[in-house]
There are 2 protein chains.
Amino acid sequence: MKASQFFISTLKEAPADAEVVSHKLMMRAGMIKRLGAGIYNYMPMGLRVIRKVERIIREEMERAGAVELLMPVVQPAELWQETGRFDKMGPELMRVKDRHDRDFIIQPTSEEVVTDIARQELRSYKQLPKNFYHIQTKFRDERRPRFGVMRGREFTMKDAYSFDRDPAGAAKSYEAMFAAYKRIFDRFGLTYRAVAADTGAIGGDLSHEFQVIAKTGEDAIIYCPTSDYAANIELAEALAPATPRAEPTQPLAKTLTPGKSTCADVAEFLGLPLTRSLKSLVLATDTLDDQGHPVGSTVWLLLLRGDHEMNEVKVGKVPGLKEGFRFATLAEIDEHFGCKPGYLGPLGLKKPVKIIADRTVAAMSDFCCGANEADYHLTGVNWGRDLPEPDLVADLRNVVEGDPSPDGKGVLAIERGIEVGHVFYLGTKYSKAMNATFLDETGKPALMEMGCYGIGVTRILGAAIEQNHDARGIIWPASIAPFQAVVCPIGMDRSDAVKEAAVRLYEELSAAGVDVLLDDRGERPGAMFADWELVGVPVRVVVSDRGLKEGLLEVQGRRDAEASKVALAEVGAFVKARLQA
Amino acid sequence: MKASQFFISTLKEAPADAEVVSHKLMMRAGMIKRLGAGIYNYMPMGLRVIRKVERIIREEMERAGAVELLMPVVQPAELWQETGRFDKMGPELMRVKDRHDRDFIIQPTSEEVVTDIARQELRSYKQLPKNFYHIQTKFRDERRPRFGVMRGREFTMKDAYSFDRDPAGAAKSYEAMFAAYKRIFDRFGLTYRAVAADTGAIGGDLSHEFQVIAKTGEDAIIYCPTSDYAANIELAEALAPATPRAEPTQPLAKTLTPGKSTCADVAEFLGLPLTRSLKSLVLATDTLDDQGHPVGSTVWLLLLRGDHEMNEVKVGKVPGLKEGFRFATLAEIDEHFGCKPGYLGPLGLKKPVKIIADRTVAAMSDFCCGANEADYHLTGVNWGRDLPEPDLVADLRNVVEGDPSPDGKGVLAIERGIEVGHVFYLGTKYSKAMNATFLDETGKPALMEMGCYGIGVTRILGAAIEQNHDARGIIWPASIAPFQAVVCPIGMDRSDAVKEAAVRLYEELSAAGVDVLLDDRGERPGAMFADWELVGVPVRVVVSDRGLKEGLLEVQGRRDAEASKVALAEVGAFVKARLQA
């Protein structure tokens, strides 16, 4: 491609509303252009990256046996009503009516449509397994679209859906997709982790997020540096302490702690380590009648160590809380504890509650907690001696750095990531709701076992930049760079030798399969170099009169501190080698 | 591709709602699957054709210097309000509100968005000309979606937009696109015509439709078999008769024509040729006040020869009717003619009207027309003698077969076509409405001159099939066929020799760049052949034990009456040659 036939538009400053570095750099490099909140034009420079991302995805999906089709953006509401998602999904689901006042949605994903295709097309076990995917425009009406393409409203997603005869088959399909995703992300040239994730109501362990590692990532990734263990924070298990609960050494005492209502304040005031204090959280569950109206409620006391944080997903798996829980009201708290929040604890309740202790809490002794009396805390509290053992002990908290790895092979570390892919075993959730059956080997109808597999195509761009940039701009991996190399002639309009050499080199590199751009805009060297460092082209070759005289051209990788001088005849091979490195 | 890794789903019968042959065959061949009225899933077999169509378009657009970007499907209403199209467009424009109750539309085209990009990005004459295009999902909420992908609601379109400094530049951009379109349609392998079309209010002659010729086409295409002339029926000019008006030979007479209110009935009743009768059409134009309310009206009598049809576009260009006209009301007709329709004519008016005669009418003599009295007609009517010459003579009618070609090089013929592309000079329509200016060489702001250029990507599939099919199914041109060739092994499961030879041939053809499918499904020969004839793969190679024993394989082109026997070693070259033919 020649610059004169392309469209290049760089900015010195990013617009004020660009918050994160990838958003700023994509705007400055002319890759995207804002059309509305969370809605972007993909400009020619950005679209080239998208196309390369899509091509890698297609090649690997096909290699894994998936078949591409194309499902519509605008989908009839009827299918979404079959699964209940038309009502259950909130305002994120963009709803629209046609001229006949019929309901439609703009697709956020395509489970309903693909399951509708499957129940019509896949009628025999002989047709299974099957994996359909498409790469198509999606829309989610985010409450607060931000970070450019990282949380946009309109975006491009690759979503694949597998259909199998049974859970064993579905697990095989899942593994094939997992392997394909590893190949895809390897080929993107990004540092990533496949992180075990929660499967929600379905259970099992077939859910992984593909996280691109970046300091600016929204997600906490838990991993063990000395083993393969990696999970997201929702799932990562906090083991019970290895050492058993110590014997009591202190007497139970009530202490005045005026105005100290947080664990940190109390511990500091009492001169105790935070690890000796207890955090009390009061939850409630409702009993519903046949019509779904609440007819009664149960109050639960959740106990965590003062420095730990509640993990909602884990709490949601506790027996009795699975069907849904909420934080208790002030009235409920007063009814059971006779006290306002800030001074709550498990001793001296006004009315009994269910007490659930985190595994760490169950192993604590001589601890401090609220006295259920305003401005008072108890110290030297001990299970068994001062109060009965908890009703239930469970993993309720987020792991923290230094926790033992669940696989027993070291201690956990935490890093930040950006979720760009997700593989997920769906079981029969959709096939059941939509009656997607096939005839099994005995001729009986059976529900299809499904999996779904997404990659946020446009989000890849943002994630790649969050991971790979410097003060001068983007640093693209060679496989998804808008151009792999750029030929920068200096004084092309003055020197025929430069012009000829630049065009010859451009043609040579093109012929060698390098996706190269010839910058024939006639910009000054400084502006030209700044543009290509901003855009993040992996390799730059400078063609100048001086270089030609010496027979040596300057070749510089985007991460190189300085240029290498390369003999004219060697430049092609040198560039190719640099791109493969 | 191996069939076992692909998805093939053919039907013996088309669904009842498929009206036209392309719709039926696409459904039967498993290319599309209906999701809702005018909304289709593109199944793997259909998507392959779309991808090939898109690739050809991209290559030729790039060759013509156009730059690809991607504009969103969901677009803010504000831009559409700037041009007035948000209000002016009817229910075809799909409107949608987001969670904040802001208005958006689902794009039917992208003039507004691309002009918004241009007014921000193209600030200097040095940046012009520029041509941006995208290939993206479109939605038009058609009142009556039908004919499968030919008039769907959701469809894929390539739309390009050129920006130039001045009309001369815009004409050059137009010509470049016209040439690119010819290359594109040539490469599709379709029989088509580039047909001059009306430019509406803009004027000039820079509008062409690309019509795929097919008996089932909705559009009438006018062309001259002995010259290059081709136009759509809206535009094709009907010349004035070459021979001057003949002298009167008959006296004016009033004749009873009871109940004969159409030209055909009257002519038959009176024993006159239809070409001697006059058709009277009464139109009205309204005078509006400053607020746009009608404050008065003018009535016009349009005269056509009895066998001719009014051309609304031509009538809309007549001075006085340009600003909009309507058919007159019965009250207005009675007021001016004192008679009900069916017996109207230009003689004996109750109140004067403007009389506009078609060119042919102005050259008629001794003609017959309504007497402005129920059940009576006049015969032997002659201009000048019986009534004054018409107020205006103009081309008001559709041409008919046999009319002289406007270029004077023969007579006109008519065929049917399907519009699949349109190139159009827009002038400053959008740049003016949206104030899209650039700084010209003198540093002054000037409006950009625009052109727009569309190709209905998904409609190409339907048009190609309407043109190319037989009783057995589709006949794809090689360049856009889902597969160029299919290898059909007979008894693959019984014969290792067949299996090995088929796989070897498949690999050989693949390596030679042929997009080949190996049908390894194990279907019986009859079913297998029927499938590929239905799908329309251009070349079929049969691998059988008998063929291998003879060393001769059967190769058959989709249009061939019978197979050719080709020596095993020659099959690859033979297939390639057939595909290029």
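In which helix of chain A is the place of Val457(A)? Val457(A) belongs to helix α12, which covers residues 457-467 of chain A. Helices here are DSSP runs of H or I with at least four residues, strands are runs of E with at least two, and both are numbered from the N terminus.

A word on conventions before the tour. This is a predicted model, in which local features need pLDDT of at least 70 and side-chain atom pairs count only at pLDDT 80 or more, while totals for chains, interfaces and linings use all residues. Residues are numbered from 1 along each chain as its sequence is written, chains are lettered from A and ligands numbered from 1 in the order in which they are written, and side-chain values use heavy atoms, with hydrogens and water left out.

**Chain A as a whole**

Chain A holds 16 helices and 31 strands. Along the principal axes, its C-alpha atoms fill a box of roughly 95 × 65 × 45 Å. Of its 581 residues, 55% count as buried; buried means under 20% relative accessible area, exposed over 50%, and partly exposed in between, with a 1.4 Å probe and protein chains only. Among contacts in chain A with a separation of 6 or more, 68% link residues 24 or more positions apart. A contact means heavy atoms within 4.5 Å.

Leaving aside neighbours within four places in sequence, Val457(A) is in contact with Ile50(A), Val53(A), Glu54(A), Ile57(A), Ile135(A), Thr156(A), Met157(A) and Lys158(A). Gly421(A) lies 36 residues away in sequence, with 9.0 Å between the two C-alpha atoms.

Asp403(A) sits in the loop between β20 and β21 (413-427) of chain A. Not counting residues up to four places away in sequence, Asp403(A) touches Arg397(A), Gly410(A), Val411(A) and Leu412(A). From Lys2(A), 401 residues apart along the chain, the C-alpha separation is 55 Å.

In chain B, His208(B) is part of strand β10 (residues 207-213). The side chain of His208(B) makes a polar contact of 2.7 Å with the side chain of Tyr174(B). A polar contact is a pair of N or O atoms within 3.5 Å; within protein, one must be able to donate a hydrogen and the other to accept it, and residues adjacent in sequence count only if both atoms are side-chain atoms. Beyond four places in sequence, the residues that His208(B) touches include Phe178(B), Ala194(B), Gly421(B) and His422(B).

| Residue | Relative accessible area | State |
|---|---|---|
| Asp403(A) | 10% | buried |
| His208(B) | 16% | buried |

**Helix α12 of chain B**

Ten of the eleven residues of α12(B) are buried, so this helix is largely enclosed by the rest of the structure. Among the buried ones are Val457(B), Ile460(B), Leu461(B) and Ile465(B).

Helix α1 (residues 21-28) of chain B meets helix α12 (residues 457-467) of chain B: their axes come within 8 Å and cross at roughly 105°. The two helices are therefore roughly perpendicular. Axes are lines fitted to C-alpha atoms, for helices over the stretch in contact, and angles run from 0 to 180 degrees between N-to-C directions. Angles under 35 degrees count as roughly parallel, over 145 as roughly antiparallel, 65 to 115 as roughly perpendicular and the rest as oblique. On the α1(B) side the contact uses Val21(B), Ser22(B), Leu25(B) and Met26(B), and on the α12(B) side Leu461(B), Gly462(B), Ile465(B) and Glu466(B).

**The five-stranded sheets**

Chain A has an open sheet of five strands in the order β16-β14-β15-β17-β20, with mixed pairing. Its edge strands, β16 (326-327) and β20 (392-394), each pair on one side only. Two strands pair if DSSP finds at least two bridges between them. Strand β17 (residues 354-358) of chain A runs parallel to β20(A), with three bridges, and Ile356(A) has Leu392(A) as its bridge partner.

For chain B, the order of an open five-stranded sheet is β16-β14-β15-β17-β20, with mixed pairing. Strands β14 (residues 278-288) and β15 (residues 294-305) of chain B run antiparallel and are joined by eleven bridges; within that pair, Val282(B) stands opposite Leu301(B). Helix α9 (residues 330-337) of chain B packs on the sheet, touching β14, β15 and β16 of chain B, and its direction makes about 75° with that of β15(B).
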